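Have the viewer open and try each task before reading on.

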4 protein chains.
Amino acid sequence: MVKVGIVGGTGYTGVELLRLLAQHPQVRLHAITSRKEAGLPVADLYPNLRGRVDLSFTTPDDASLTDCDVVFFATPHGVAMAQTPELLAAGVRVIDLAADFRLKDTEVFQKWYGMPHSCPEILAEAVYGLPEVNREKIKTARVVGLPGCYPTSVQLGYAPLFAGGRKLVDPLHLIADAKSGASGAGRKAETSLILAESYDNFKAYGVAGHRHQPEIKQGLEAIAGYDIGLTFVPHLLPTIRGIHSTLYATILPEARDTDFQALFEQYFANEPFVDVLPAGTMPETRWVRASNYVRVAVHRPGGGDTLVILVVEDNLVKGASGQGVQCMNLMFGLPEDTGLTHIPVMP
Amino acid sequence: MVKVGIVGGTGYTGVELLRLLAQHPQVRLHAITSRKEAGLPVADLYPNLRGRVDLSFTTPDDASLTDCDVVFFATPHGVAMAQTPELLAAGVRVIDLAADFRLKDTEVFQKWYGMPHSCPEILAEAVYGLPEVNREKIKTARVVGLPGCYPTSVQLGYAPLFAGGRKLVDPLHLIADAKSGASGAGRKAETSLILAESYDNFKAYGVAGHRHQPEIKQGLEAIAGYDIGLTFVPHLLPTIRGIHSTLYATILPEARDTDFQALFEQYFANEPFVDVLPAGTMPETRWVRASNYVRVAVHRPGGGDTLVILVVEDNLVKGASGQGVQCMNLMFGLPEDTGLTHIPVMP
Amino acid sequence: MVKVGIVGGTGYTGVELLRLLAQHPQVRLHAITSRKEAGLPVADLYPNLRGRVDLSFTTPDDASLTDCDVVFFATPHGVAMAQTPELLAAGVRVIDLAADFRLKDTEVFQKWYGMPHSCPEILAEAVYGLPEVNREKIKTARVVGLPGCYPTSVQLGYAPLFAGGRKLVDPLHLIADAKSGASGAGRKAETSLILAESYDNFKAYGVAGHRHQPEIKQGLEAIAGYDIGLTFVPHLLPTIRGIHSTLYATILPEARDTDFQALFEQYFANEPFVDVLPAGTMPETRWVRASNYVRVAVHRPGGGDTLVILVVEDNLVKGASGQGVQCMNLMFGLPEDTGLTHIPVMP
Amino acid sequence: MVKVGIVGGTGYTGVELLRLLAQHPQVRLHAITSRKEAGLPVADLYPNLRGRVDLSFTTPDDASLTDCDVVFFATPHGVAMAQTPELLAAGVRVIDLAADFRLKDTEVFQKWYGMPHSCPEILAEAVYGLPEVNREKIKTARVVGLPGCYPTSVQLGYAPLFAGGRKLVDPLHLIADAKSGASGAGRKAETSLILAESYDNFKAYGVAGHRHQPEIKQGLEAIAGYDIGLTFVPHLLPTIRGIHSTLYATILPEARDTDFQALFEQYFANEPFVDVLPAGTMPETRWVRASNYVRVAVHRPGGGDTLVILVVEDNLVKGASGQGVQCMNLMFGLPEDTGLTHIPVMP
């Protein structure tokens, strides 16, 4: 049994971790911390857990996190990097759902997250937790920085085009038009997020620049081995969960005979959670609702030189907590899909 | 032209007042105040008003509210009663969208709103702004306290049963099961109101007791002339606008031959905004969306002794700002439906 | 392993059965029939099942349903009663999700479902599949008629008041104001159900009379042992799943000292799927989303003589397919919660 | 007063025409036809019109459409072209909300709409009803073919870049990622449109090819005077109304110094219904809800060579019926905004 601690479990990635871990056959939940809600039974905040999770929130000080095998950080940016050194020293492995261990360049990190990085040496060893790309490194990682929700879908959608340094599309004019449900913004008391402001409505945001753009760029460049230029425009859907990324790329003249469907099917052939759909399919976010699956479809409208890739994921599962559990399984030698075989809820 | 001021126009009843008044042919918008947003063009906060409302928010001090013919208060409870004496002294009439002039009993007011009433003598002269019940008094009122959103629908639905002291149903066991869209909670940054918490969801609230219960009771007792007992249970709909009240009453043995359909049709025969639907109709909230209409249907399932009355209204129009304009029209001798003839938006 | 067949799996109760049974550790899915979709892989119609359910729909003729241990009917009313005699003759047990085996009085059945009952003798032996009331009978039943979605919530909410013939509330003026998500209407191509007609909207329906009223009445009378009078008004929520029943009852003078909270807690003390909430709680439909739980809260506003009981359930799980699996577990001697321990999905 | 007839008013563009025309000060509604609903009062189908529109549907034969000044066709594709010759012969002008008079090339029409064009000579004289582009021609047109909902938003968003043959962006790799509310699919009984299938969900559709692509291409080529290549991907939003088009273009090296904000502001400077937003704005579909406004924002993320243009419109107003009324106003010499000054409904 893996002994698990969660720091900061009051947000959506926290409760989703709890939902998954409480049903995981090889996990023992040991502690969950929240300075603000210390003393409150977890199930009082999230009544879906009534009768299933008996833990109460504890203060970080009371929680014996150092007794755990692994600690998940479901906290605001900056918390994980402050506490990770001590945990590592105690032999505890760390999985961060925030951004502390995503961006390898500390200047880029500081630019987008507004704070200096406090432990660049740990950042250097941290592994980016995208199993489809970094599976082997994750297995032995002491620290895993989980990808953002958008970056997971965008990188998986573009990865087959760049894997192994392939040159199939214009790498400098990628366009990722992404749409996310409101849970991606977190459990925050913000006027713009209330139902009366966001229901029956749709808008783009972060058009001038979004933190996930440099992360995606870094990830794709690591896959490709060359420079990537990406325009990333996120939009807010009036739904709870679900990301739909519509990815565009211009096929290079020399690559026009490529069988992109076959390319994608081969690339993901052995992946337990990435489902390449039959040609012509247009996936829906509900096809992966509340599950760890990602479904991908490849289109080439009119047989022209524009490739359109459609990717759907549940931002709280494969885009966050489910991916965290997937990484944990790899880190502890468990079958990769343990506790992650929930069938999507549809309708 | 009626010269109008609005105090506290940053909330939903404020913007809805602006939408209605900016299209009202007999109104000149003179000032709109907000201490917090002073200096901000109104259309920056509510871009639907771009090109249509040129006003900026001003501080209450700068705004020459005393130059107005009438001032609307779209403020938290307690603000109107603080400022009304000065306005009345200057000859300005007042229409309050909050609760300051609804409850006649100052002890009841204090119990439910947590503050003493600061001007009971003005409260005593204030008229409850439900035109279908108090039309003549509203015409000459100096101060109008507009009904709450739920109370408008519940009182209109029950009124024909009690008007003139009629005794048709058990007056002590009325049950009003009411459902409201989320705009009824206002434009507030509260976690429970964000889309990820309230979408694809439904719940009751205020079951132990809700401020609108004593208001409805007071209103129905004024209509009936005798004691009323009411259980009122509000629910939160995952919609923006719209109230649907399902009202239950037990028909008294001696009233079983009553033609309730005819009773309702007669009672509302000359009302410009109350539409008694044909027998058997089940109204939908969208039938009145963004309009000042209320639609009412009377049912008697199985011909038994339970009466079921269905009422739909738009909580921001007939349940608040539209009703305010309707009262203003009456107060200034304008045709009652001036500026209020918007056809509901459907679909 | 229980060998399971499903007749008519193209609707929502069908796909939900598949979701639950495909994750059930003691079930082998043997056949699923649909005359219309014969030949189509189930996962083509419901892509959430891709990679998890390999079955294709077969024609009822091809399907060797008689090889099964149990057959679920997720069909329109009338299908199960036509095929059940042959299945019983072959030793196959039957669980019907439609109404064929709910109403014991064949005249009442014919009145509400517009067809004569074709096998009254099987109806006579059929057990009403509400485990909390009929657990022992279900264990040995050859035929189980599952309750409707609304009746499950309403009967569970009222049951403690009437169990054992208790006389605590006026039994002739019960009022059940119920609200259901749109999946309750099924996967039907009807104009009134399309999103543009039903989103951002709310309405009552079936006010003059609804099929679930006689079913609830029959169920409560079986529990109470005396006559029940019930007004039942269903409403359509703009949500996918979820039923919220707001139940009203007038407390009898002699029962005013009853501790209703304790009564409910004791009645459901050993139930694996009914959660009596702490006093004062107002449950939300999402608290049981995609799970077999029912959560119940008891209120007595102002300490008066009106009892208000709030019940939430997922109409497709505890209101249909989950309850079917629960009954199947009982029928085959499995732990009652096998394959039903999904934690509600929230947010 | 303009005497107006409507053919086929049972769909959403029909009811929206009625909502607008019933409030239009210079219009007399003369007839509305529907073979299927003949005899039915319009307000029975659309209760939002109760008390405001007294007309009943008539059969096309009974309706004296030839008495009208103008007839709107809110019909399936193919109906308008069948009836237009007779109406023109009687001196009646025609505005078609369907596609019969949009595509100038009859072969392209036949390819995408599956029927031959029955009156190419009328098609040749028909004017494409986009006032911002064709204002003068519309004034004298006998037949106006209104643009599709998506094409209105996409053409207005790209128009300033191509007007007068300007060469500012790569014209062959335009990408229009568009999202529409469900009312765009019409009032159709289709399973995929029901709320339980489309709520809390998002998907692309028509990726392989959509009828609006050739229409947009034709329109932009008419504006530019040279060839245009466009990838158009529509998506289905879980909202009722609203289109949000996110338009991408690669700025040509020689145009990198262009002030695109100024370009857009100048191009639309005198337009009554196109609002160019301040730099940096991200418009929301609700900002134009139930109104004829279009709001446009121009972005250049990171100052790079990709231009991102955001356009919001109400698909039923500026995308259909409102644009029809705008054209009618032009055709009959009325101020262009007559009857179209509704302020967007927000929230």
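Asp177(A) and Lys179(D) are joined by a salt bridge, with 3.1 Å between the closest N and O atoms; the term stands for a side-chain nitrogen of Lys or Arg within 4 Å of a carboxyl oxygen of Asp or Glu.

Before the tasks, some ground rules. This is a predicted model, in which local features need pLDDT of at least 70 and side-chain atom pairs count only at pLDDT 80 or more, while totals for chains, interfaces and linings use all residues. Residues are numbered from 1 along each chain as its sequence is written, chains are lettered from A and ligands numbered from 1 in the order in which they are written, and side-chain values use heavy atoms, with hydrogens and water left out.

## Exercise 1: chain D against chain A

Solution: 

Step 1. Start with contacts, meaning heavy atoms within 4.5 Å. Here 42 residues of chain D touch 43 residues of chain A.

Step 2. Turn to buried area, the accessible area (1.4 Å probe) that two parts lose on being put together, summed over both. The two chains bury about 3,500 Å² between them, and carbon and sulfur atoms account for 55% of it. Asp200(D), Phe202(D) and Val207(D) supply 17% of what chain D buries against chain A, more than any other three residues.

Step 3. Count the polar links. There are 8 salt bridges between chain D and chain A. Polar contacts are pairs of N or O atoms within 3.5 Å; within protein, one must be able to donate a hydrogen and the other to accept it, and residues adjacent in sequence count only if both atoms are side-chain atoms. By this rule, 26 residue pairs (both at pLDDT 80 or more) are in polar contact across the interface of chain D and chain A.

Step 4. Find the elements, which are DSSP runs numbered from the N terminus: helices (H or I, at least four residues) and strands (E, at least two). Among those giving two or more residues to this side of chain D are strand E7 (174-180), helix H8 (195-198) and strand E13 (306-313). The largest share, 4 residues, comes from E10(D).

Step 5. Sort by class: Ala, Val, Leu, Ile, Met, Phe, Trp, Tyr, Cys and Pro count as nonpolar, Asp, Glu, Lys and Arg as charged, and the others, Gly among them, as polar. The side of chain D that touches chain A has 19 nonpolar, 13 polar and 10 charged residues.

## Exercise 2: chain D against chain B

Task: work out how chain D and chain B are related, and what lies between them.

Solution: 

Step 1. Compare the two sides: 100% of the contact residues of chain D recur in chain B, so the same surface serves both copies.

Step 2. Contacts involve 36 residues of chain D and 36 residues of chain B. Together the chains bury about 2,900 Å², 58% of it on carbon and sulfur atoms. Arg50(D), Ile343(D) and Pro347(D) supply 25% of the area that chain D buries here, more than any other three residues.

Step 3. Look at the links. There are 2 salt bridges between chain D and chain B. Arg50(B) and Asp275(D) meet in a salt bridge at 2.6 Å, N to O.

Step 4. Ask which elements take part. Helix H1 (12-22) and strand E11 (274-276) of chain D each supply at least two residues, and H1(D) gives the most, with 5 residues. By class, this side of chain D divides into 22 nonpolar, 5 polar and 9 charged residues.
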